[in-house]
Amino acid sequence: MACLLRAATWRLFPWRGYCSRGTKGELSKGFVEALKAVVGSPHVSTAAAVREQHGHDESFHRCQPPDAVVWPQNVEQVSQLAALCYDQGVPIIPFGTGTGLEGGVCAVQGGVCINLTHMDRILQLNLEDFSVLVEPGVTRKALNTHLRDSGLWFPVDPGADASLCGMVATGASGTNAVRYGTMRDNVLNLEVVLPGGRLLHTAGPGRHFRKSAAGYNLTGLFVGSEGTLGLITAATLRLHPVPEATVAATCAFPSIQAAVDSTVHILQAAVPVARIEFLDDAMIDACNRHSKLNRCVAPTLFLEFHGSEQALAEQVQRTEITRHNGGSHFSWAKEAEERSRLWAARHNAWYAALALRPGCKGYSTDVCVPISRLPEILVQTKENLKASGLTGTIVGHVGDGNFHCILLADPEDPEELLKVMAFSKQLARHALAFHGTCTGEHGIGLGKRQLLQEEVGAVGMEVMRQFKATLDPRGLMNPGKVL
C-alpha cells in the first residue's frame, strides 16, 4: 500500500529533488556545436549541475533538467537560437531568475533552456511618458534602484526579486496590486521572439502609448503565456509617480470574518489604500517568530497608504471603520525603516511558515474570488484547514480577493502529500464555484491544467489551443505547461 501511495504522490505531487531526463534524449554533438556557434562556447553548458539548477523553480515540482543551457547576449542571438531549435525539433524553455511557483521552467521533454539573465540593460527611460524599456534580465529591484532619483517607480511587487519579463510571462502581481494593478495593467508593449525566430513587437516597434483601439490586443495575449508562445526579449512598462508620503499600519481582529469584512468595507468606502494584506493567527505567530515582530496573535490586516500628507490624514481617519468590526491593537509605521521592517516580514511569510516544521516542504495555493465572496471562502477555508489536520497558514492580497494557504508536508509521508493535494484541489474548486479563479498570480504551470479546463470550459480551451497551434505548430515552446 505504501508503495502505491508513493507512486501516486510522485505523479500528483512530484517534489523537487528527484531529477529525471527528458524524453528527447541527449542532444547531438553537432547540435551543441551549432549552439556554441551562435552564442560562443563560454555561453553554452551541458554540465549536469548547471542543467539541474535550471530544471526547477521555487515550487514543489521535481527537477526536470534541460539537455543544455545557453546564455544569449542580445535579441539577434535569441532569434537564431529559436530558429535553430525549432528547425531541429528541440524544445525551448525560457529561464529568468527561477523564482516561479508552478514548475514553469521544468524541461518535461528535455531540450534547450535559454537563460535570458545576461540581457540586463535598461534600454530607454521616458520620464515624461512614464514608461521604461527593459531587457529580460532586469529585475524589479534593479529597475527601482535605477529609478531612485527620477521621481518614478515600478510598483508591481511579487515579493521575490523576479525578472520583469518573467513577471510578464507569469502575469505576476503582489502587495501593491490593489492600487496600481497587476502586470497585465502595467505592460505597454513587448518584443517577442516567436517559435522559428521571427521578431514581434506586440504594439508596434518603439510604441509606448497609454491606450489603443487598434486591432487585437497582442500584448495581452503574451502576458501570462508562461513561455508557451514565445520568448519575451524586451518589455515596455508603465511607471508611476513616487508618492509624496507613505504610512503603514497593522490592525488585529477578533475573527477572520471581522478582518475580511473590514477589507470589504474599506474598499466600498473608496479609500484608495495602496496595500491591504491579510494574515491569519497562525501566520502572524510564524512572522513574530521568524521576523522578530511583536504583533498580537490574531487575524490581522497589514495596510499601507500613499499620497500627500493631507490625503494620508484623510485616508487614515476613514479607516476608523475597522473599529466597527472589532479592530484593535493598531500599530502605525511612518518612518521608512519601520515600514520596511514590517513589509519585509510580510514578504518573508513563506519562510516563516516553512520554519514551523523544519525539514518539510511548502505548497502555496493561489485562488482569487470576487470581493463579495471573500469573507465566506476565507472562513470556510480556515475551518477546512483545521479539520484536515494539516499544518498551514493563510496569507493574502485580500484587496484583490486573492489569498494563499501555505501548506507544509513531510516529503517522505505519501499520505500527507495526498492530503495536501486534495485540500488544494478542493479549495480551487470552491473558488471556481464562487465565480473565482484557480490562480490569481502564480500561473497554471504544470499542476493546474485540469483546473484551467474546468475554469474556462471546453470552448475556452479550444480557442487557447488554436492560438497555441497557430504560433507554435510543433508544440516546442515550453511544452507541458498551461495546456
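1. The model is predicted: local features need pLDDT of at least 70 and side-chain atom pairs count only at pLDDT 80 or more, while totals for chains, interfaces and linings use all residues. Residues are numbered from 1 along each chain as its sequence is written, and side-chain values use heavy atoms, with hydrogens and water left out.

2. Helix 4 covers residues 75-88 and reaches 20 Å from its first C-alpha to its last, close to the 20 Å expected at 1.5 Å a residue. Helices are DSSP runs of H or I with at least four residues, strands are E runs of at least two, and both are numbered from the N terminus.

3. At the N-terminal end, Asn 74 caps helix 4, with a side-chain oxygen 3.2 Å from the backbone nitrogen of Glu 76. Just after helix 4, Gly 89 has a positive phi of about 70°.

4. The largest pocket has a volume of about 1,100 Å³. Its lining comprises 50 residues, with Thr 99, Gly 100, Leu 101, Ala 160 and Ala 162 nearest its centre. Helix 6 gives the largest share of this lining, five residues.

5. The second largest pocket holds about 850 Å³ of space. Among its 26 lining residues, Asn 144, Trp 153, Arg 275, Arg 339 and Ser 340 are closest to the centre. Helix 12 supplies the largest share of the lining of the second largest pocket, six residues.

Notes: The expected span of a helix is 1.5 Å times one less than its number of residues. A polar contact is a pair of N or O atoms within 3.5 Å; within protein, one must be able to donate a hydrogen and the other to accept it, and residues adjacent in sequence count only if both atoms are side-chain atoms. On a 1 Å grid over the protein atoms alone, a cavity is a set of points where a 1.4 Å probe fits but cannot get out, and a pocket is an open set with protein on both sides within 12 Å along at least five of seven lines; lining residues have an atom within 4 Å of a point. Grid points are joined across faces, edges and corners, and a volume is the space filled by probe spheres set on the points.
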